[in-house]
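Look at the fold first, then read on.

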Amino acid sequence: MARIIRCECGYVARGETDDDAIEAIRAHMTTDHPALLETVGRQDLLGWIQVE
Ligand SMILES: [Zn+2]
């Protein structure tokens, strides 16, 4: 089952594992929300993960 993390802007990051999904959302934040990237930690991102 895939993991998804829904960004506040509507972007959906997907990955096969928690780490894949976190990597994908971080890549998105790097380009779209660089300020957010600094305030959101790994534990926060883990809390956002949904199993699809
Ligand atoms: Zn976003």
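Helices (H or I, at least four residues) and strands (E, at least two) are DSSP runs, numbered from the N terminus. The model is a predicted one: local features need pLDDT of at least 70, side-chain atom pairs count only at pLDDT 80 or more, and totals for chains, interfaces and linings use all residues. Residue numbers start from 1 along each chain as its sequence is written.

**Overall layout**

The protein has three helices and three strands. Along the sequence they follow the pattern β-β-α-α-α-β. The C-alpha trace spans about 30 × 20 × 15 Å along its principal axes. For 52 residues, a compact globule would have a radius of gyration near 10 Å, and the protein agrees, with 10 Å. That radius is taken over C-alpha atoms, and the globule rule is 2.2 Å times the number of residues to the power 0.38.

**The sheet**

Two strands count as paired if DSSP finds at least two bridges between them. Strand β1 (residues 3–6) and strand β2 (residues 12–15) pair in the antiparallel sense over four bridges. Two of the facing positions are listed here.

| Residue | Stands opposite |
|---|---|
| I4 | R14 in β2 |
| I5 | A13 in β2 |

β1 and β2 form a hairpin, with five residues between them. In the turn, G10 has a positive phi of about 105 degrees.

The open sheet has three strands in the order β2-β1-β3, with antiparallel pairing. β2 and β3 (49–51) stand at the edges with a single partner strand each, so one side of each has no neighbour in the sheet. From one strand to the next, the twist averages 30 degrees.

**The helix across it**

Helix α1 (residues 18–32) lies across β1, β2 and β3. It runs at about 145 degrees to β2. Axes are lines fitted to C-alpha atoms, for helices over the stretch in contact, and angles run from 0 to 180 degrees between N-to-C directions. Contact means that the C-beta atoms of two residues, placed from the backbone, lie within 7 Å.

Among the contacts in the protein with a separation of 6 or more, 26% join residues 24 or more positions apart.

**Confidence**

How confident is the predictor in the protein, on average? The mean pLDDT (the predictor's confidence in each residue, from 0 to 100) is 96, and 100% of the residues score at least 70. Confidence is lowest in helix α2 (residues 34–39), at a mean of 94. It is highest in β2, at 98.
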